[in-house]
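Work through the exercises below with the sequence and the model side by side. Try each task before reading its solution.

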Amino acid sequence: MAKYICTICGYEYDPELGDTDGGIEPGTAFEDIPENWVCPICGATKDEFEVEE
């Protein structure tokens with residue numbers, strides 16, 4: 001599974017770790033995160049993230 005980077009603050013979403021504080025279980029692909037999820041650092045929406053190259 002690919003990692004995604006917030007283009008606003010640089011936060012890296014790693015699917016292996018998830019975002020437990022945000023209710024996203026480890027092993028959750030970025031594509032499977034609910035659309036209303038936001039970056040835990042800056043509050044950016046999912047469309048502000050890009051796949052890590």
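**Exercise 1. Find which residues glutamate 16 touches, not counting residues up to four places away in sequence.**

Step 1. Glutamate 16 touches Pro26 and Gly27, where contact means heavy atoms within 4.5 Å.
Step 2. Glutamate 16 lies in the loop between E2 and E3; strands (E, at least two residues) are DSSP runs, numbered from the N terminus, as are helices (H or I, at least four).
Step 3. Check its surface. Glutamate 16 is exposed, with a relative accessible area of 65%. The classes are buried (under 20% relative accessible area), exposed (over 50%) and partly exposed in between, with a 1.4 Å probe and protein chains only.
Step 4. Compare sequence and space. Glutamate 16 and lysine 3 are 13 residues apart in sequence and 8.9 Å apart in space, C-alpha to C-alpha.

A note on the source: this is a predicted model, in which local features need pLDDT of at least 70 and side-chain atom pairs pLDDT 80 or more, while totals for chains, interfaces and linings use all residues. Residues are numbered from 1 along each chain as its sequence is written, and side-chain values use heavy atoms, without hydrogens and water.

**Exercise 2. Trace the network of salt bridges that includes Lys3.**

Step 1. Count first. The whole structure has three salt bridges, each a side-chain nitrogen of Lys or Arg within 4 Å of a carboxyl oxygen of Asp or Glu.
Step 2. Lysine 3 meets glutamate 12 at 4.0 Å, N to O. Lysine 3 is partly exposed at 30%, and glutamate 12 is partly exposed at 32%.
Step 3. Lysine 3 also meets aspartate 14, at 3.8 Å, N to O. This pair links distant parts of the chain: lysine 3 sits in the segment before strand E1 (4-6), and aspartate 14 in the loop between strand E2 (12-13) and strand E3 (49-51). Aspartate 14 is buried, at 12%.
Step 4. Put together, Lys3, Glu12 and Asp14 form a linked network.

**Exercise 3. Is each partner in the salt bridge of lysine 46 and glutamate 35 buried or exposed?**

Step 1. The closest N and O atoms of this pair are 3.4 Å apart. Both residues lie in the loop between E2 and E3, eleven residues apart.
Step 2. Lysine 46 is buried, at 9%. Glutamate 35 is exposed, at 64%.

**Exercise 4. Find the contacts of alanine 44, leaving aside neighbours within four places in sequence.**

Step 1. Alanine 44 contacts Cys6, Ile8, Trp37, Val38, Cys39 and Phe49.
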